Amino acid sequence: MSMDYIGIDLGTSAVKLLLMAGDGSIRNVVSREYPIFFPHSGWSEQRPEDWWSAVLDGLKALLAGYDGKQVAGISFGGQMHGLVMLDAQDRVIRPAILWNDGRTAEQTAWLNDTVGRETLSACTANIAFAGFTAPKLLWVREREPENFARIAKIMLPKDYIAYQLTGVHSMDYSDASGTLLLDVEHKCWSEKILRLCGVETDWLPTLFESYQVTGTVKSALAAELGLGTGCVVAAGAGDNAAAAVGTGTVGEGRCNVSLGTSGTIFISSRSFRVDRRNALHAFAHADGRYHLMGCMLSAASCNQWWMDSIIGTKDYAAQQAGMEERLGENTTFFLPYLMGERSPHNDPRARGMFIGMSMDTTRRDMTQAIMEGVSFGIRDSFEVAKSLGIHPDGTRICGGGSRSALWRKMIANILDLPVERVASEEGPGLGAAMLAAVACGEYDSVDEAAKAIVRVTETIDPDPELAAKYQGQYLRFQKLYPALKDWF
């Protein structure tokens, strides 16, 4: 008899818990919200204790009416980069500093400019970004030395939940890649970077592949939740890697575009690759191999800003009506850098802009420019991957923006690739449950689980004539950021 699996997606605003049958069908989904705190301008924190109480409450609701003894395994997708620090008694020392916290500008600059980008890239395959974990540790060492002195363990958000379930300190390679402490190519901690950051090796959890068993649910907790004895816990993955598993983006040269608040292009690879400029993140993947990821800070949120704050409408579809006839011919361009930009420019000073307007420019032209600008920004990262010899033959698409048929068509023609939608929108939660199923032997590998579970429901092929028009448009877009860089 097939068993059930739980995927826990620990997000920034809420945790989403998913109960999956062994064949991949989703039996139940629940979510629980928790607060986020902004103690100073640019700071962003959460209390790990709030995550745990939300998960515990969520697990009880998820299993209500189901046989918990049928659950063979649990795993995770989680918000990346957040710094959780525990003392010698495994108590939380201070609130977790999150991925979108901006306090570490000085520490990030010190890492990139004094330690040096080349050294960082050689040691970790990446350069420093304000959101990464290592700059946060440096900040705590400098600003809160009394807290730094109490550290006995450091971990990432989902790992705290895994610890509460099992009593084991664990971390997987995909999430560890975003700490700037991991030698990604060799899958071990970088002694040199640990020394520079004043981090003791024994502060760091044991490293696992995402689909490996780290422990079992503590017996008292299993009894409280109605789970069977021996319910296993697998290490899980960072949210982007877990979402990629949930869309079947595993193996060589598979691609996934996410049009969420931020935009990502995620390309899976059997071998380790890194680009010279570190424009893309080179991380380990949840399938046991590697991936490259470009992250733009504002994607669907550009359109949301335009619709909600500027035009003042919630009827997004009405604003896109009639746009289809004008694709590839817009003379108005938009730079999608409303919050600065990460990939590929790594320029926090960059800003959003409309360019090329004339007396006959309409609101629809500007709306179209925003959707195209985000798509061109995704293509910027895609071009870096192509320069490394990676040529995907198609891409999956997910995230809120992907619900727009028009936006899917733009992406297909601007990337000149077939775009596939998958049946389930539950990316990270589904990916996490799939990792649990692999850990329990329901599937032999993550690849096999993806082939069996992920279903494509629609394919949008590029139109050669429209793709050619967009190629010309993209070449014009490409010139804008370099021309404006000094002005920013």
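## Salt bridges within and between elements

Arg379 and Glu383 form a salt bridge whose closest N and O atoms are 2.8 Å apart; the term denotes a side-chain nitrogen of Lys or Arg within 4 Å of a carboxyl oxygen of Asp or Glu. The model is predicted: local features need pLDDT of at least 70, side-chain atom pairs count only at pLDDT 80 or more, and totals for chains, interfaces and linings use all residues. Residues are numbered from 1 along each chain as its sequence is written, and side-chain values use heavy atoms, with hydrogens and water left out.

Both Arg379 and Glu383 belong to helix α12, 4 residues apart, about one turn of the helix. Helices (H or I, at least four residues) and strands (E, at least two) are DSSP runs numbered from the N terminus. Arg379 is buried at 7% relative accessible area, whereas Glu383 is partly exposed at 23%. Here buried means under 20% relative accessible area, exposed over 50%, and partly exposed in between, with a 1.4 Å probe and protein chains only.

## Further bridges and a network

The structure holds 30 salt bridges. In one of these, Asp87 meets Arg150 with the closest N and O atoms 3.3 Å apart. Asp87 is in the loop between β6 (84-86) and β7 (96-97) and Arg150 in the loop between α4 (145-148) and β8 (153-155), so the pair ties together parts that are 63 residues apart in sequence. Asp87 is buried, with a relative accessible area of 3%, while Arg150 is partly exposed at 37%.

Another bridge joins the side chains of Asp50 and Arg47 (2.9 Å, N to O). Asp50 is buried at 16% relative accessible area, and Arg47 is partly exposed at 36%.

## Aromatic pairs

Rings of Phe, Tyr and Trp (its six-membered ring) pair if their centres lie within 6.5 Å; planes under 30 degrees apart count as stacked, over 60 as edge-to-face and the rest as tilted. This rule gives 17 aromatic pairs. One of them is the tilted pair of Phe129 and Phe132, with 5.3 Å centre to centre and 55° between the planes. Phe129 is buried at 5% relative accessible area, and Phe132 is buried at 0%.

Phe376 and Phe477 form a tilted pair, with 5.1 Å centre to centre and 35° between the planes. This pair links distant parts of the chain, with Phe376 in helix α12 (residues 363-387) and Phe477 in helix α16 (residues 464-484), 101 residues apart. Phe376 is buried at 1% relative accessibility and Phe477 is buried at 2%. Ring pairs also connect Phe333, Phe376, Tyr470, Tyr474 and Phe477 into a cluster.

## Charged residues in loops and at the surface

Arg276, Arg277, Arg349 and Lys485 form a positive surface patch. Patches consist of residues with over 30% relative accessible area and no salt bridge, like charges being joined within 9 Å and nonpolar side chains (Val, Leu, Ile, Met, Phe, Trp, Tyr) within 5 Å. Arg276 is located in the loop between β17 (263-269) and β18 (281-284) and is exposed at 81% relative accessibility.

Lys187 is placed in the loop between β10 (182-183) and β11 (188-189) and is buried, with a relative accessible area of 16%. The C-alpha atoms of Lys187 and Phe208 are separated by 9.6 Å, and the two residues are 21 residues apart along the chain.

Technical notes:
Areas by Shrake-Rupley, 256 points an atom, 1.4 Å probe, with all protein chains shown as cover. Lys, Arg positive; Asp, Glu negative; His and termini not counted. Charge placed at Lys NZ, Arg CZ, Asp CG, Glu CD.
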